Amino acid sequence: MLPSCTKRGNTQYDKSSSLGSKAGSEQLIKGSDESLPIEELSESNSLDNGALPYEAQYGKNQTFLSDEPHATIKVKAPHRSDVVVIVRYDNPSGRVAGHIYVRRDQSASIQLPNGRIYQTFFYCGNDWSPEKAMSESIIGGFTKGETFSKDGKPTRLKDKILSYELSTQGEGNFTTVPSSAKEMF
């Protein structure tokens, strides 16, 4: 099952570069992450929150000074699984704009260049293995409960924050679409 999440609207940065208040939320995907036994969760291997598991392939994420114009994608992981967030430019090459590891019940952000169109992918699971092959060049992945999904609607971001909160939800009026390791990596 795919974890559900909440997508919060774009929030403009105020002039003092604080993140501002969050806009109203829309539920994203149907499903539940309740299928993982609690024993499995307490024994799982995880990376540090904010780690860049594929830095060797994708490089470091860009960072901006607080007064530099930029966009941000913020993700809060679900209660029962960790997530790797991969943000791609929405263009024919689909190059990775940034990625980050988010531990369950925690949040992390990716800063991005302004004015571009982005598509966000979510790779959720438990028990991180640094040896698991995800593709010919991408090594590292979850061994339990893995799911692949994406925000089905690429979004143009300029001086905004796009915030996703993955959680257990019932019905939703905004649905992500299933993805795959092949599409993500």
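**Ground rules**

I am working with a predicted model, in which local features need pLDDT of at least 70 and side-chain atom pairs count only at pLDDT 80 or more, while totals for chains, interfaces and linings use all residues. Residues are numbered from 1 along each chain as its sequence is written, and side-chain values use heavy atoms, with hydrogens and water left out.

**Confidence**

I checked pLDDT next, the predictor's confidence in each residue on a scale from 0 to 100. The chain has a mean pLDDT of 78, and 71% of its residues reach 70 or more. Over residues 1-6 the pLDDT stays under 50, and the model has 43 contacts there beyond four places in sequence. Residues 9-43 also stay under 50, with 99 contacts beyond four places in sequence. Contact here means heavy atoms within 4.5 Å.

**Salt bridges**

I counted a salt bridge wherever a side-chain nitrogen of Lys or Arg lies within 4 Å of a carboxyl oxygen of Asp or Glu. The structure holds 4 of them.

Back to Glu146: its side chain meets that of Lys132 in a salt bridge, at 2.7 Å from N to O. Glu146 lies in strand S8 (residues 139-150) and Lys132 in strand S7 (residues 116-133), so this pair ties together parts that are 14 residues apart in sequence. Lys132 is partly exposed, at 23% relative accessible area. My strands and helices are DSSP runs, numbered from the N terminus (helices are H or I with at least four residues, strands are E with at least two).

Glu183 sits in helix H3 (residues 181-184) and Lys150 in strand S8, so the two join parts that are 33 residues apart in sequence. Lys150 counts as buried at 14% relative accessibility, whereas Glu183 is partly exposed at 34%.

One more entry: Lys60 forms a salt bridge with Glu55, with 3.5 Å between the closest N and O atoms. Lys60 counts as exposed at 65% relative accessibility, and Glu55 as partly exposed at 32%.

**Cores**

I took a nonpolar core to be a set of buried Ala, Val, Leu, Ile, Met, Phe, Trp, Tyr and Cys residues joined through side-chain atoms within 4.5 Å. Which residues touch the most other members of the largest one? Of its 21 residues, they are Ile73, Val75, Val83, Val85, Val87, Leu112 and Phe122. Strands S3 (71-76), S4 (82-89), S5 (96-102), S6 (107-112), S7 and S10 (160-167) each give two or more residues to this core. S4 gives the most, with 4 residues.

I looked up Phe122 separately: leaving out residues up to four places away in sequence, its contacts include Val75, Val83, Val85, Phe148, Lys150, Tyr164 and Met184. A second, separate core has 14 residues, among them Ile86, Phe121, Tyr123 and Phe185.

**S4 and S5**

S4 and S5 pair in the antiparallel sense over 6 bridges, and Val85 stands opposite Ile100 in S5. The hairpin has 6 residues between the strands, and Gly94 takes a positive phi near 60 degrees. S5 is mostly covered, with 7 of its 7 residues buried.

**Aromatic pairs**

My last search used ring centres within 6.5 Å for Phe, Tyr and Trp (its six-membered ring), with planes under 30 degrees apart as stacked, over 60 as edge-to-face and the rest as tilted. The count comes to 11 aromatic pairs. The rings of Tyr89 and Tyr118 have centres 5.5 Å apart and planes at 35 degrees, so I logged that pair as tilted. Tyr89 belongs to strand S4 and Tyr118 to strand S7, so the pair links parts 29 residues apart in sequence. Both residues are buried.

For Tyr101 and Trp128 the centres are 5.5 Å apart and the planes at 90 degrees, so that pair is edge-to-face. Tyr101 counts as buried at 0% relative accessibility, as does Trp128 at 7%. Ring pairs also link these two into a cluster that includes Tyr54, Tyr58, Phe142 and Phe148.

Definitions and conventions
Buried < 20%, exposed > 50% of the residue type's maximum accessible area, 1.4 Å probe, protein only. Pairing = 2+ DSSP bridges.
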